[in-house]
Amino acid sequence: MIQDVDVKAMKKNAFRVSKERGMTASRVRVPGGLVSARSMARIVEIAEEYGRGEIFLTNRQGVEIPGIHMEDMPKVNELLRSIIKDTGINQGDSEHGYLASGTRNVVACPGKRLCPFGCYDTTAFAQRMDRAIFPNDRHVKVAFTGCSNDCAHVALNDFGVIGMTEPQYDPARCIGCGQCVEWCRRRSVSALSLVNGKVVRNEDRCIGCGVCVVYCPTRAWTRSSEHYFRVKIMGRTGKQNPRLAQDWLRWVDEDSIVKIVKNTYAFIDEYIDPNAPEGKEHIGYIVDRVGFDEFCKWALEGVELGEKCQRATRVYWDSRRYDRDNDLR
Amino acid sequence: MGYVLDGEGLDGLVRELARDYLVFAPVRKVGAGRFTDVDQVIYDFVDDASQIELDAKSDYSFKELLTPLSQTLFYFTEDQVREARGIGPAGGSGQGGDDRDVFVLMRACDLHGVRRLDDMYLHNGPEDSFYRRVRERVHFALIGCPEGFEHCFCVDMGTNVAPDNWEFSLERRGDGYVCAVEGESLRPLFERHAKGASEVVPAHVSQNEVHVSVPGSMPMEVRTSDLWDEYTRRCIGCGRCTLVCPTCTCFTMQDVLYTENGRVGERRRVQASCMIDGYSTVAGGASYRKRNGERMRFKVLHKVYDFRQRFGYDMCVGCGRCDDVCPEYISFAACVNKVTDAVSAWDAQHEGSVVSDD
């Protein structure tokens with residue numbers, strides 16, 4: 001049998017070249033990490049019918065079905081149709097599998113749908129972001145986490161979005177029991193202190209995690225009606241210069257974040273290294289090359305940050321350059 | 001005498017009532033819960049029927065009116081003292097100087113709770129004048145309970161039928177509302193807003209899912225039993241159970257000296273909790289009941305045994321708010337039943353001997 005496969009098209013179609021000749025794996029996109037039981041059953045069907053009855057859970061909350069013969073890709077795409085529709089992927093054509101694989105699955109912790117500390121609906125925001133940036137070939141990683149605990153490891157992404165609430169204090173409901181002060185110290189950043197029997201919040205230190213609200217026994221602390229976010233940028237793993245994303249914006253709003261991430265695609269188009277392997281380059285390397293101010297210019301195009309939003313005008317990433325020094329001493 | 005009202009009638013009624021009285025009622029506070037986008041039902045002053053939450057159990061009780069969470073009692077300077085004015089939450093500016101009487105809307109269990117507060121503050125040694133001052137201005141209205149809520153055990157505590165301390169009742173019936181009116185003086189108000197008159201008996205709960213049986217005696221062996229150890233392990237000592245309780249009355253004092261001028265200040269009293277660190281701390285820093293199991297014993301036995309030794313009836317009214325709020329899913333009801341079982345077991349073992357009841 002002649003085997004003539006357009007590997008570049010196949011990869012774009014979310015099938016990978018595997019170690020085993022002629023065999024591939026199908027990557028199923030699960031924006032926000034929430035999949036219906038019905039779609040999960042379809043995934044199982046594909047794995048049993050065309051794979052070898054195994055399913056990899058990917059690092060970015062998707063699933064990957066290994067052991068698929070390359071010639072079965074059209075049939076797998078047919079079965080993927082109902083999953084693509086069900087997961088709300090933004091593509092009119094659901095007949096031919098996934099239309100792109102560059103922009104990675106948008107990750108989210110369970111957020112307020114499950115977690116007592118989640119400050120917003122991470123799943124919904126991740127799905128909204130996915131619809132805004134997918135399908136797209138650019139290698140962009142976005143992740144959402146409900147609070148500053150960062151269980152979703154957003155600090156390893158190009159854009160990491162962390163939920164914040166602005167604690168609202170009603171001194172008339174406060175009995176000065178000090179539990180918020182104690183739990184802020186033990187579980188968070190020691191932003192609270194008791195002064196004259198009432199609580200004072202160090203607004204600069206407060207990271208808006210909501211621990212005080214959770215532990216307040218009287219509802220003296222409540223959450224702000226607005227949901228706010230902290231945005232960390234340009235985190236990455238990799239061989240040359242892995243680094244954690246650093247804070248860029250805090251107390252920023254949802255709409256601005258969507259605009260900023262969308263704007264970044266134009267920045268990448270303008271400045272990406274034309275010789276980047278497989279057309280993939282972490283945005284952070286582009287920012288290193290062209291300068292942070294240039295990135296800000298493009299990313300903030302048409303964005304009106306709210307009054308409360310704070311923006312770092314300089315961001316420094318502390319990291320190791322393995323392409324220059326691999327000495328442990 | 002009773003009345004039938006439609007939505008519009010209730011709106012008019014509450015608006016007019018709120019002109020002559022302060023109206024204190026359960027209010028759904030959107031997003032005010034512990035967790036994101038979760039509501040909380042808390043008592044507050046209302047001037048509109050739409051603000052009143054009639055369908056849910058309030059998470060916190062009416063007692064915040066009579067015994068505010070935080071209340072400034074007086075201000076002092078070098079040689080002068082001035083008492084703080086007004087009713088309502090300390091620091092609440094709008095209501096602070098208002099001297100109108102207050103109508104409080106509450107369910108049968110909470111109406112029974114008032115007797116406990118009165119006995120603690122007025123009939124337990126010298127009267128508490130701060131409590132008395134507010135109490136004298138308070139009138140009660142009954143919210144009928146067609147059915148109980150999760151964790152309610154009012155029937156077993158004998159608080160499912162309201163006492164006679166209310167002046168009118170209010171509850172949904174069909175598409176509208178019905179009110180029974182006891183106070184003669186309120187009738188013209190209801191007649192102005194009602195669709196019609198009718199015989200109304202406020203609904204009450206006659207069956208709960210939760211059953212509690214209280215101990216009849218309390219041998220020392222049960223007080224010191226290891227059954228309390230479980231709570232040392234499980235309880236985190238947050239005190240939410242006592243702060244939502246309509247019958248917990250403990251408070252502590254805060255003397256505050258204004259930082260800019262240490263010769264001026266105020267004395268506040270704030271609610272305290274026998275479950276929270278510091279409650280049993282004495283001069284020198286020693287603390288009794290360090291373990292949460294001991295605190296649980298102190299609280300539970302006070303609610304269903306020790307209070308009875310002084311006042312002749314049980315303190316707990318079975319509203320179940322403590323079971324609703326506990327973050328560690330500790331059930332007060334389950335604990336009481338465990339205690340009663342332990343007492344029964346002790347009784348069976350010591351049949352015929354003299355019960356040591358301290």
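A residue is called buried if 20 or more other C-beta atoms, placed from the backbone, lie within 10 Å of its own, exposed if 12 or fewer do, and partly exposed in between. This is a predicted model, in which local features need pLDDT of at least 70, side-chain atom pairs count only at pLDDT 80 or more, and totals for chains, interfaces and linings use all residues. Residues are numbered from 1 along each chain as its sequence is written, while chains are lettered from A and ligands numbered from 1 in the order in which they are written.

**Exercise 1.** Work out which residues of H1(B) are buried and which on the other side are exposed.

*Solution.* Helices are DSSP runs of H or I with at least four residues, and strands are runs of E with at least two, numbered from the N terminus. In H1(B), the buried residues are B:Gly9, B:Leu10, B:Leu13, B:Val14 and B:Leu17. Seen down the helix axis, the directions to the C-beta atoms of these buried residues fall within an arc of 125°, so they line one face of H1(B). On the other side of H1(B), B:Glu8 and B:Arg19 are exposed.

**Exercise 2.** Find the strand order of the open sheet of 4 strands in chain B, and then its edge strands.

*Solution.* Two strands pair if DSSP finds at least two bridges between them. The order is E5-E4-E12-E11, with antiparallel pairing. Strand E5 (81-83) and strand E11 (251-257) of chain B are the edges, since each pairs on one side only. E11(B) is joined to strand E12 (residues 265-271) of chain B by 7 bridges, and B:Met253 stands opposite B:Arg269 in E12(B).
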